[in-house]
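Hi,

Here is the structure I said I would pass on.

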Amino acid sequence: MNINSTIRAAITPIVSVCVPHLYTGAETEYCTFNYTRYPAEYSDNAPMAVGFSIQMHYFLPLKNNPNDKLSQIANALFAAGFDYPQIVDVTDDTGQHYVFETGCAEELA
């Protein structure tokens with residue numbers, strides 16, 4: 001699994017700009033994401049899988065209604081094989097910002 005490609009494939013039909021880490025472009029509605037990779041599912045003192053703890057950030061102007069896209073993004077992440085995300089609203093006076101906290105695991109070969 002290429003985690004970046006999987007996230008981008010799930011999100012770009014909903015929000016056209018979805019990049020890892022930092023977006024420096026001119027769009028006012030966009031997504032960024034980051035993740036932590038960790039060993040998981042141990043057997044005989046060795047990891048049998050790799051887990052991913054993912055944060056996907058959705059940014060948009062204060063005046064926009066986010067409700068439809070919040071549901072679409074959550075459902076798209078789940079359909080792409082991630083855990084159903086928790087959504088945290090961290091909006092401030094500069095714009096709306098929602099953090100989707102999700103994860104997945106991949107078996108090691």
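Let me start with a question: which helices and strands do the buried residues of H2 pack against? They pack against helix H1 (3-11) and strands S2 (30-43), S3 (46-60), S4 (86-89) and S5 (96-107).

Before the rest, some ground rules. This is a predicted model, where local features need pLDDT of at least 70 and side-chain atom pairs count only at pLDDT 80 or more, while totals for chains, interfaces and linings use all residues. Residues are numbered from 1 along each chain as its sequence is written, and side-chain values use heavy atoms, with hydrogens and water left out.

The overall picture

The protein chain has two helices and five strands, in the order α-β-β-β-α-β-β along the sequence. Helices (H or I, at least four residues) and strands (E, at least two) are DSSP runs, numbered from the N terminus. The C-alpha atoms fill a box of roughly 55 × 25 × 20 Å along the principal axes. Of the 109 residues, 38% count as buried; buried means under 20% relative accessible area, exposed over 50%, and partly exposed in between (1.4 Å probe, protein chains only). The chain exposes about 6,400 Å², with carbon and sulfur atoms supplying 48% of that; the areas come from the Shrake-Rupley method with a 1.4 Å probe, and for residues only the protein chains shown count as cover. Take the contacts (heavy atoms within 4.5 Å) with a separation of 6 or more: residues 24 or more positions apart account for 52% of them.

The two helices

Back to H2, which covers residues 67-79. Its 13 residues reach 18 Å from the first C-alpha to the last, close to the 18 Å expected at 1.5 Å a residue (the expected span is 1.5 Å times one less than the number of residues). Leu70, Ile73, Ala74, Ala76 and Leu77 are its buried residues. Down the axis of H2 they fall within an arc of 165°, so they line one face of the helix; the arc is that of the directions from the helix axis to the C-beta atoms. The face turned away from that buried side carries the exposed Asp68 and Ala79. Asp68 counts as exposed because its relative accessibility is 60%, and its C-alpha is 15 Å from that of Ser16, 52 residues apart along the chain. Just after H2, Gly81 takes a positive phi of about 105°.

H1 has its own buried residues: Ile3, Ile7, Ala10 and Ile11. Seen down the axis of H1, these fall within an arc of 90°, so they too line one face of their helix. They pack against strand S1 (18-20), S2, S3, H2 and S5.

The core

What does the largest nonpolar core look like, and which residues have the most contacts inside it? It has 24 residues, and those with the most contacts are Ile7, Ile11, Cys31, Met56, Tyr58, Ile73 and Phe100. (A nonpolar core is a set of buried Ala, Val, Leu, Ile, Met, Phe, Trp, Tyr and Cys residues joined through side-chain atoms within 4.5 Å.) H1, S2, S3, H2 and S5 each supply at least two residues, and the largest share, six residues, comes from S3. Leaving aside neighbours within four places in sequence, Ile73 is in contact with Ile11, Ile14, Val15, Cys31, Met56, Tyr58 and Phe100.

Aromatic pairs

Rings of Phe, Tyr and Trp (its six-membered ring) pair if their centres lie within 6.5 Å; planes under 30 degrees apart count as stacked, over 60 as edge-to-face and the rest as tilted. The count comes to five aromatic pairs. In one of them, the rings of Tyr23 and Tyr30 have centres 4.6 Å apart and planes at 40°, so the pair is tilted. Both tyrosines are buried, and together with Phe59 they form one aromatic cluster.

Two residues in S2

Thr32 is in strand S2 and, at 5% relative accessibility, counts as buried. Its contacts beyond four places in sequence include Tyr23, Met56 and Phe59. With residues up to four places away not counted, Glu41 touches Ala46, Pro47, Met48, Ala49, Ala105 and Glu107.

Enjoy looking around!
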